[in-house]
Amino acid sequence: MKQGLFTISENRQLTPSTWLMKLDGDVSGITAPGQFINIKLDGHFLRRPISVCNVEEGSVTIIYKVLGKGTDEMTRFETGKELDVLTGLGNGYDLSEAGDTPLLIGGGVGIPPLYLTARCFRNHPTVILGFNSADEVYYVKEFRRAGAKVIVATADGSSGISGTVIDAFKVLLGRGETFTHFYTCGPGPMLKAVYDEVYEKAGISGQMSFEERMGCGFGACMGCSMKTKYGNKRICKDGPVFRTEEILWQK
Amino acid sequence: MAEVRRVDINDAMPDTRVNLCGITLDNPVIPASGTFGFGYEFAELYDINCLGTFSFKGTTLDPRFGNDTPRIAECPAGMLNSVGLQNPGVNDVIREELPKLAQVFHKPVMANVSGFSADEYAEVVKRLDRSSVSDMIGWYEINISCPNVHGGGMSFGTDPHMAASVVKAVRWMTDKPLIIKLSPNVTDITEIAKACETEGADGVSLINTLMGMRIDLRTKRPVLANVTGGLSGPAVFPVALRMVYQTAKAVKIPVIGMGGVSSADDVLEMMMAGAAAVEVGAANLTDPYASRDIVRDLPAAMKKYGIKRLSGSADQAKNL
């Protein structure tokens, strides 16, 4: 973890509820895709934890969904504004397990960390991106430019495959495609469905990124704990990425 | 001829040392239990030996997961938590956490202890006190004020007789200083403090969190899975200061002040209200360097307000 001052160099709307922000500063604290940063906002007590979408020389890109007052205020931040940011939080994805044909599955605001993950692979990973409807779709072009084979699924059928990321996964299986490992991030119900269908039924091991309301974001407060097969873990510090083999579903 | 230098006494470095129950601290800044783990997480960020000491994560007899999540809710100038005493249990603390801490911290540490019966508090203190790592412990901070557990914690801290029963049980188990951590969720905190003093407590620390609640308007459900939680952060500072002031006047034993402390100025204000030392809690969670920065800023803040030394400031508070 590193604390630093970052300068906003870009802050633009991608969809009605999703924004992209590029922050310039020392990104040496970020060591793996799937990690997150924690941003201090004036007038708000807790920082805002947001996953890393991309890292380049001297800048980090995040994609955030407007969910409350804090993220709403962020949409009005202008370029040049400085932010106090903790970087390199969480474990991130372990890419050494990917094998020849990794599968990346992202849902909604869980998609951003998969972008940097996809960029790390040179062998054209398959990426399933799930959205509610066509107007919420973002970053498909960017994934394709990064060399990924992208399949879009929308719940209302307004873009790509009609249905969930699981429906898209079944289409791929139907085409006879095989996968060596998977990486996923998305809402809780989607993660559970991915666990059931991709890990348990299809027998593919993977790594899943979890989300929880956090206090500190760096392992001190025990606010975001989770029970696993190997004891109590902190989502912010021991996670947010957990292996399918260690996950215990509670709720 | 040798040059004679005139030394201006006002330029001398202010003396930040304080005495806490017979042990001298380099400064009065103590990260509070539950916001600093077992120290080594923060030792990766800075040398934690700059602190007066710190109070480690509340330890119970058995390992505890704590409450369901969500356990955190943001508030204006503060936060609610309903962690519910997650900790690895006293045996793991002795076997794993404290040996790990010994690598990075070389001052006496404050051992925070919690329980669900007077006997449990006593047993935890007994095991720590008779363990191979007991030399690391300077003080016990007995938490009778956790608002997030049922059938223990705060129920001991809201009734003077129950508070006394815990102090009595624990007092037998150790010769080290016993500091009792008090709840603000009472009508008169001085009554509880006096009951602890009578049973042989060496100090009291206050305040633990104030009980609160938030509801998510979108889901129409409480934000916290536990429904209620404890409020901390700058929002509670004036309440904490008032209770420290009242308690310091009511008892002869030292009072550790805490509740929303987030700057060197806050430390000085707490000490002017009668605190012998000051704990820093929620500030550590929003800024991992908060306690280090408070220690660093303290001498300059003392100079600014013309304070030459901190020891004895608690006595002066009685004249407020």
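This is a predicted model: local features need pLDDT of at least 70, side-chain atom pairs count only at pLDDT 80 or more; totals for chains, interfaces and linings use all residues.
How many salt bridges are counted between chain B and chain A? The count is five.

**The contact between the chains**

Chain B brings 34 residues to the contact and chain A brings 28 residues. About 2,500 Å² of area is buried between the two chains, and carbon and sulfur atoms give 58% of that area. On the side of chain B, the residues that lose the most area to chain A are Phe65(B), Glu74(B) and Thr286(B), which together account for 25% of what that side buries.

Polar interactions also cross this contact. Between chain B and chain A, 11 residue pairs are in polar contact, with both residues at pLDDT 80 or more. The elements of chain B that give two or more residues to the side touching chain A are H1, strand E4 (72-75), strand E5 (78-81) and helix H8 (283-286). By residue class, that side of chain B divides into 16 nonpolar, nine polar and nine charged residues.

Over all chains, the structure holds 26 salt bridges.

| Salt bridge | Distance between the closest N and O atoms |
|---|---|
| Arg213(A) with Asp216(B) | 3.8 Å |
| Arg243(A) with Asp94(A) | 3.0 Å |

The pair Arg243(A) and Asp94(A) links distant parts of the chain, 149 residues apart. Arg243(A) belongs to strand E15 of chain A, whereas Asp94(A) is in the loop between strand E6 (82-89) and strand E7 (102-107) of chain A.

**A cavity and a pocket**

Rolling a probe the size of a water molecule over the atoms shows where empty space is left. A search of the whole structure finds one cavity of 30 Å³ or more. The largest cavity holds about 510 Å³ of space. Its lining consists of 33 residues, and those closest to its centre are Ser33(B), Asn81(B), Lys181(B), Asn208(B) and Thr209(B). E5 and strand E13 (228-232) of chain B are the elements that give two or more residues to this lining. The lining of the largest cavity comprises 14 nonpolar, 16 polar and three charged residues.

The second largest pocket contains about 570 Å³ of space. Of the 23 residues that line this pocket, Met222(A), Asn232(A), Tyr40(B), Pro88(B) and Glu97(B) lie nearest its centre. The elements giving two or more residues to the lining are strand E14 (231-234) of chain A and, from chain B, helix H1 (40-43) and helix H2 (90-102). The residues lining the second largest pocket divide into seven nonpolar, six polar and 10 charged.

**Local backbone features**

Which residues does a cis peptide bond join in chain A, with omega of about 10°? They are Gly239(A) and Pro240(A). Pro240(A) is located in the loop between E14 and strand E15 (241-243) of chain A.

In chain B, the peptide bond from Thr69(B) to Pro70(B) is cis, and its omega is near 0°. Pro70(B) is part of the loop between H1 and E4 of chain B. Leu85(B), a residue other than glycine, has a positive phi near 60°. Leu85(B) occupies the loop between E5 and H2 of chain B.

Terms used:
Residues are numbered from 1 along each chain as its sequence is written. Chains are lettered from A and ligands numbered from 1 in the order in which they are written. Side-chain values use heavy atoms; hydrogens and water are left out. On a 1 Å grid over the protein atoms alone, a cavity is a set of points where a 1.4 Å probe fits but cannot get out, and a pocket is an open set with protein on both sides within 12 Å along at least five of seven lines; lining residues have an atom within 4 Å of a point. Grid points are joined across faces, edges and corners, and a volume is the space filled by probe spheres set on the points. Helices (H or I, at least four residues) and strands (E, at least two) are DSSP runs, numbered from the N terminus. Ala, Val, Leu, Ile, Met, Phe, Trp, Tyr, Cys and Pro count as nonpolar, Asp, Glu, Lys and Arg as charged, and the others, Gly among them, as polar. Contact means heavy atoms within 4.5 Å. Buried area is the accessible area (1.4 Å probe) that two parts lose on being put together, summed over both. A salt bridge is a side-chain nitrogen of Lys or Arg within 4 Å of a carboxyl oxygen of Asp or Glu. A polar contact is a pair of N or O atoms within 3.5 Å; within protein, one must be able to donate a hydrogen and the other to accept it, and residues adjacent in sequence count only if both atoms are side-chain atoms.
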